[in-house]
Amino acid sequence: MHDNLVIVESPAKAKTIERFLGKEYFVTSSMGHIRDLEKKDFGIDMENNYQPKYIVSPDKKKIVAELKKHAKEAKMVWIASDEDREGEAIAWHLKEVLKLKPEKTRRIVFHEITKEAILKAIANPRPIDENLVNAQQARRVLDRIVGFEVSPVLWKKVKPSLSAGRVQSVAVRLIVEREREIMNFESQSNFRVTAVFLVPDKNGNPVELKADLKKRFETKEQAKAFLEKCKTAEFSIADIVTKPSKRTPAAPFTTSTLQQEASRKLGFSVSQTMSVAQRLYEAGKITYMRTDSVNLSSLAINTAKNKIIESLGEKYHKLRQYKTKSKGAQEAHEAIRPSYIDQEEVSGSNQEKRLYELIWKRTIASQMADAELERTTINIAVSNSPELFQATGEVIKFDGFLRVYMESTDNEDESDENASLLPPVKEKQALRAELVEATERFTQRPPRYTEASLVKKLEEQGIGRPSTYAPTITTVQNRGYVVKEDRPGVERQFVQMSLVDNQLKEAVKTEITGAERSKLFPTDIGMVVNDFLIKYFDKIMDYRFTAKVEVEFDEVADGNRVWSEVIDEFYKPFHENVENALEVSERTNGERILGDDPKTGKPVSVKIGRYGPLAQLGETTEEGEKPQFASLRSGQHLETITLEDALDLFKLPRDLGEYEDKKVSVAIGRFGPYVRHDNKFVSLEKNVDDPYTIELDRAIELIEAKREKDRKALIKTFDEEPELRILNGRWGPYISYKKKNYRIAKGTEAEKLSLEDCMKIIEAGPKPKQKKKK
DNA sequence: CAGTGAGCGAGCTTCCGCTTGACTT
């Protein structure tokens, strides 16, 4: 029995706070929101001023019951949810659901989890901010209306189970538009000239001085003409300019920047970053990981200061206060930082250690001095040409924060800008060129998004919140709008001309270009849905839509507008859009006519079918002729597939002949090319067999090889039950019975199982599977 | 585990943000 009940949002936070408060305080958590709009029947009373119909979320029933019990026993209930729009709404829902009486309820907020801050908060309670709550209700209702009115349009006009929403649909749009930019990109080539000069160092030994020609040549002829000139040219130092420069550390981590850096430096996916951070947070090692604030508490700043001065000295420290400037930031928390900044490392899994180290370094670096650099630019004149070569070098005069941490960039091509030392040279000094080389370079297409760079882009536009970045990225992939994939690059030839010992040589070389790792690609369905939404719901699909409604929510929060009026103003034209889309739009399937099959003269087209993208040959005719269908392969797209590639799809399945009186055919399935025989499937060997050319003999070879492998996998069978087999699989022995597989408990000797034992295992059944979402 | 692609038209799907487990492979 406690006199005081304090309710916060997260249990880890509750635990920390309880340590600061005396025995009279019991601190517990609501686990986020406890109520939400009803899922069935829309959850909004559209005839009655958009009145929300709230119900306690099923997974929160238990928590609410406990909270009720504690609230009844307490003399005073302190609601300490976050001080932002969502937090204020949580406070209000708690008050409503727990039926808290005003005289025994207090709303408090604090920005720092320290004893002083919390005691100060308790001394200064305030009423629940109704305006802020209404702003949240407007946000919630708008999102429900958009999601639940637009999604059904997609079910009718495109495909069932699809979804649309204020955040996810623009996330897909970004990816689709980037892909089209890449499709339409035409790479230009130019020639970059580099030279290596030999210069004596302090001891008179020759060292290399590498320099780039400032001008790039558009054509090979121009580049070649320049190299020809170089044969007779004299090179000399035109001038040397040395300029000081400095670098400043990046701000402490927010959710989005943590996801970006963990992706670049550690190769984590955004959801991986979040779950590792969650574990660190729960273990009390870092502050809260869902935040858009770059603010550090005064305690953190002081601890960092002491740590830096103690280990590196006074001059490495610089006190810095960071201000959040991203749109829509709500500053309910601190930046993500170590809870105890003097702790350089933590125990735990490898991933936890690495992520913690990253957070620690970033936090410390953010309180460190600028790095001071000196950048030297040497211009090298060419006697018979106005062009200049340029060599640049960078020397670190004082490393400052670079001692600890250096932020990465998304640009993979800037790695050659590494700081290098230049050999000692003087103005007017003559140089001997050892090598002059002109290399054909190509302009770069825009980069595809990674999960993390998409989060960055969304945050810049104020779309989505720290708690939703990772789930949004998962959703667009789950809906099949976007896939995260590796793609192999393609070979590209380029020309390289080199001048050595006055000999001009020319070579054609090859490089790999366009290879991608873990990048986001739109699928065909993603593109079709995107185009449909842009056509009929351009307002929602506008990148500025969220920013615009946020302005209105702010007006509600400031008490200058009534939330239901804001919604009404939005809803009337929006709903007309919905009605119009339902009425006017054709069923959309992204159909594209590719041309006619030269052999049969039949039309060939591609479109989205029930099971995904397909190619169609011929049409349904009145004479009862039916078209042929074939699924597109991974890597093929409605927008880009050619007639030839589509026609190739109809060459499979191929009949190879018979083996043991049964047909042998070859085709391509979800897992690649396979041979089919006697209702069994055998994969073709990668990079060896080609489904278009493979012959019967080789197919039989594969079938026999598979049989041999299966025999080895077979542990035991029973004559009484031919359908039951004990097999050896990838994860050890298991039972196969009537096309279902059953696990054998670890430690049991599979060979000794009797038929009865097996039947018992089968009766126990495979664990009831949760309904799987695709 | 991979083949399908018309169709009687049931009943279902879906949003964003706040939180943590409980899941499977």
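Author: What follows looks at one helix and then at several salt bridges.

The model is a predicted one. The helix is α16, which covers residues 545-557. It has 13 residues, and at 1.5 Å a residue these should span 18 Å.

Which residues of α16 are buried? They are Phe545, Thr546, Val549, Glu550, Phe553, Val556 and Ala557. Around the helix axis these residues cover an arc of only 120°, which means that they lie on the same side of α16. What do the buried residues of α16 pack against? Their partners are α3 (85-97), α5 (130-157), α15 (538-541) and α17 (563-584). Just after α16 comes Gly559, which takes a positive phi of about 80°.

Now to the charged pairs. A search of the whole structure finds 54 salt bridges, and a few of them are described here.

One of them joins Glu394 and Arg375, with the closest N and O atoms 3.1 Å apart. Glu394 lies in strand β13 (residues 385-398) and Arg375 in strand β12 (residues 371-382), so this pair ties together parts that are 19 residues apart in sequence. Glu394 is buried, at a relative accessible area of 12%, whereas Arg375 is partly exposed, at 30%.

Another salt bridge is formed by the side chains of Asp678 and Lys662, at 3.7 Å from N to O. Asp678 sits in the loop between β25 (672-677) and β26 (680-683), while Lys662 belongs to strand β24 (residues 662-669); the pair therefore ties together parts that are 16 residues apart in sequence. Asp678 counts as partly exposed, with 35% relative accessibility. Lys662 is also partly exposed, with a relative accessible area of 39%.

Some salt bridges share partners, and in this way Glu179, Arg445, Arg448, Glu516 and Lys519 are joined into one network.

A further pair is Glu38 with Lys40, where the closest N and O atoms of the salt bridge are 3.7 Å apart.

Methods:
Residues numbered from 1 in each chain as written. Chains lettered and ligands numbered in written order. Predicted model: local features only at pLDDT ≥ 70, side-chain atom pairs only at ≥ 80, totals over all residues. Heavy atoms only, no water. Salt bridge = Lys/Arg side-chain N within 4 Å of Asp/Glu carboxyl O. Helix = DSSP H or I, 4+ residues; strand = E, 2+ residues; numbered from the N terminus. Buried < 20%, exposed > 50% of the residue type's maximum accessible area, 1.4 Å probe, protein only. Expected span 1.5 Å × (residues − 1). Arc of directions from axis to C-beta. Contact = heavy atoms within 4.5 Å.
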